[in-house]
Amino acid sequence: MHEAMKLLRDTDETVKMIAGKMGYETPGKFSKAFKAVALMLPTEYRKTHRK
């Protein structure tokens, strides 16, 4: 999940692309797992942690 966080911060790749790279079948499953770790959705994380 740390790699996904880095990609969200540092790239313009879509959440769908990042979910696929992390091995998730669907962006929804990725988002649910991400929220369990980061306590926010990937899109929210990207907005608040963008460099």
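1. Helix axes are lines fitted to C-alpha atoms over the stretch in contact, and the angles between N-to-C directions run from 0 to 180 degrees. Helices are DSSP runs (H or I, at least four residues) numbered from the N terminus. On these terms, α1 and α3 pack at an angle of about 100°, and their axes are 11 Å apart. The two helices are therefore roughly perpendicular to each other; that label covers 65 to 115 degrees, whereas angles under 35 degrees count as roughly parallel, over 145 as roughly antiparallel and the rest as oblique.

2. The model is predicted: local features need pLDDT of at least 70 and side-chain atom pairs count only at pLDDT 80 or more, while totals for chains, interfaces and linings use all residues. Residues are numbered from 1 along each chain as its sequence is written, and side-chain values use heavy atoms, with hydrogens and water left out.

3. Which residues join α1 to α3? From α1 come A4, M5 and L8, which meet F30, F34, V37 and A38 of α3; contact here means heavy atoms within 4.5 Å. By class, this contact has seven nonpolar, no polar and no charged residues (Ala, Val, Leu, Ile, Met, Phe, Trp, Tyr, Cys and Pro count as nonpolar, Asp, Glu, Lys and Arg as charged, and the others, Gly among them, as polar).

4. Helix α1 (residues 2-10) also packs against helix α4 (residues 42-49), at an angle of about 55° and with the axes 8 Å apart. This pair is therefore oblique. In α1, M5, L7, L8 and R9 meet P42, Y45, R46 and H49 of α4. The classes in this contact are five nonpolar, one polar and two charged residues.

5. Is the face of α4 that holds P42, Y45 and R46 buried or exposed? These three residues of α4 are buried, meaning under 20% relative accessible area, with exposed meaning over 50% and partly exposed in between (1.4 Å probe, protein chains only). Seen down the axis of α4, the buried residues fall within an arc of 100°, so they line one face of the helix; the arc is that of the directions from the helix axis to the C-beta atoms. On the other side of α4, K47 and T48 are exposed. The cover over the buried residues of α4 includes α1, α2 (15-21) and α3 (27-38).

6. A19 is found in helix α2 and is buried, with a relative accessible area of 1%. Leaving aside residues up to four places away in sequence, A19 touches Y24, T26, P27 and F30. A19 and F30 are eleven residues apart in sequence, yet 5.6 Å apart in space, C-alpha to C-alpha.
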